[in-house]
Amino acid sequence: MKVLLIGCGLTSTATAYLLRARIPNIHLTVWEKARGPGGRASVRRGPKGISVDLGVQFITTDSSALSKYSVIYEQLISTKTLTPMDCKIEGLSKSNNQNNHFIAPNGTNSLVKYFLNNANVDCIEFERRVSAITSSGKVISICGSEEFFDLIIITVPAPQILQMECPMSQLVRNELEKVTYSTRFTFNMFYEKPIIKEEWDVKFLDDKTFRYVSIDNRKRGQYDAPDSVIFHTTKEFGETHVTETRESAYQMLFDKVNELFPDWPSPELCNVHKWLYSQVVNSYSNSPGCVILNESIPIIAGGDCFTQSNFNGCLESAYTICETIENLKI
Ligand SMILES: Cc1cc2nc3c(=O)[nH]c(=O)nc-3n(C[C@H](O)[C@H](O)[C@H](O)COP(=O)(O)OP(=O)(O)OC[C@H]3O[C@@H](n4cnc5c(N)ncnc54)[C@H](O)[C@@H]3O)c2cc1C
């Protein structure tokens, strides 16, 4: 069976990983519009091999999800792809304090790479943006190339599903249109050496512009590495400045960092990233895990918008996609 997964984020690669173990003789292809794997679990690389987690910061899980997905968590922990988060965190809400927190010491895209490597994906192509899918299983990308598949799994944010030409009922289209996301900007700074003198490593801020700041090398336990810092804006800032670009937001965010931390030295390099579709605010009705868009050649849509916007939400969607495929008996 020739399967295409569209998108190369957590949901897609966790699905590929589960499918490989469950369905013999499956041929897995991944097409991703970006230049590398990760999606919203991406990493930005800086000078001297340092990096920051641009999207997912840490994995939070309660004990019930930890046991529900124990097979996956045990493997990620035993391979040290995930390690307990034991850095100094300031301002974490009390309810969150009771959960388990993990970090990915090699960057959160290492989770995606773990799933990809262990799924033994047969073919992966980056810079391949899908523009249309037909009910006969033909998938067309914007570069004009076409290929037929027996099963297509879409794991992209809901508005990006709607941007594709794709068969689906009016009911499903209406429900996808109701899915909403927050928008967030990130501002990252790379230094030449460990230089920031703060008691905390990660801090939740009480500020209108920035909600969160992490000295990411220290979050990952690398206290001797050059400092790499990432700020995330608040949901409210994202909502008010949704039309700003990375370039137009740069000075505003740079000035705000200087206002909040006037004693910090000048970094070697700064960048802004805009997550237009950051975290799901209103998920797909009843959070079904995935939906079937087309039956003849199955087209299934999954991702965090069908569950919740976090790592466990992606796992839940991946498991539901696999169960849906098994029930199709193809
Ligand atoms: C700023 C931020 C902070 C976050 N913090 C946390 C956190 O601390 N902990 C946590 O658990 N979660 C966090 N999240 C949420 C988490 O990142 C998401 O829930 C998760 O990464 C979603 O994964 P996904 O695979 O469903 O979607 P995505 O990661 O969005 O993957 C979809 C992929 O599809 C690709 N794509 C889109 N359209 C096309 C197309 N037409 N053709 C081909 N490819 C396409 C995209 O480029 C993308 O790579 C955060 C998210 C953001 C943005």
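Biologist: How far apart do the C-alpha centres of domain 1 and domain 2 lie?

Modeller: Happy to start there, with the reminder that this is a predicted model. The domain assignment gives domain 1 as 2-44 + 105-178 + 283-328 and domain 2 as 183-278. Between their C-alpha centres the separation is 30 Å.

Biologist: Which residues of domain 1 lose the most area to domain 2?

Modeller: Domain 1 and domain 2 bury about 820 Å² between them, with 55% of it on carbon and sulfur atoms. On the domain 1 side, three residues together account for 63% of what that side buries. They are Arg 40, Arg 44 and Pro 105.

Biologist: Which side chains place an N or O atom 2.7 Å from an oxygen atom of the ligand?

Modeller: Leu 10 also has an atom by a ligand oxygen, but that is a backbone N or O atom, at 3.1 Å. For side chains, an N or O atom at 2.7 Å from a ligand oxygen is found in Thr 11 and in Asp 304.

Biologist: And how much of the ligand's area does the protein bury?

Modeller: Taken alone, the ligand exposes 1000 Å². Around the ligand there are 34 residues, and by class the shell has 13 nonpolar, 15 polar and six charged ones. Of the area the ligand exposes alone, the protein buries 94%.

Conventions
Residues numbered from 1 in each chain as written. Predicted model: local features only at pLDDT ≥ 70, side-chain atom pairs only at ≥ 80, totals over all residues. Heavy atoms only, no water. Near = heavy atom within 4 Å. Polar contact = N/O pair within 3.5 Å; in protein donor to acceptor, adjacent residues only side chain to side chain. Areas by Shrake-Rupley, 256 points an atom, 1.4 Å probe, with all protein chains shown as cover. Nonpolar A, V, L, I, M, F, W, Y, C, P; charged D, E, K, R; others polar. Domains from an automatic or database assignment. Buried area = accessible area lost by both parts, 1.4 Å probe.
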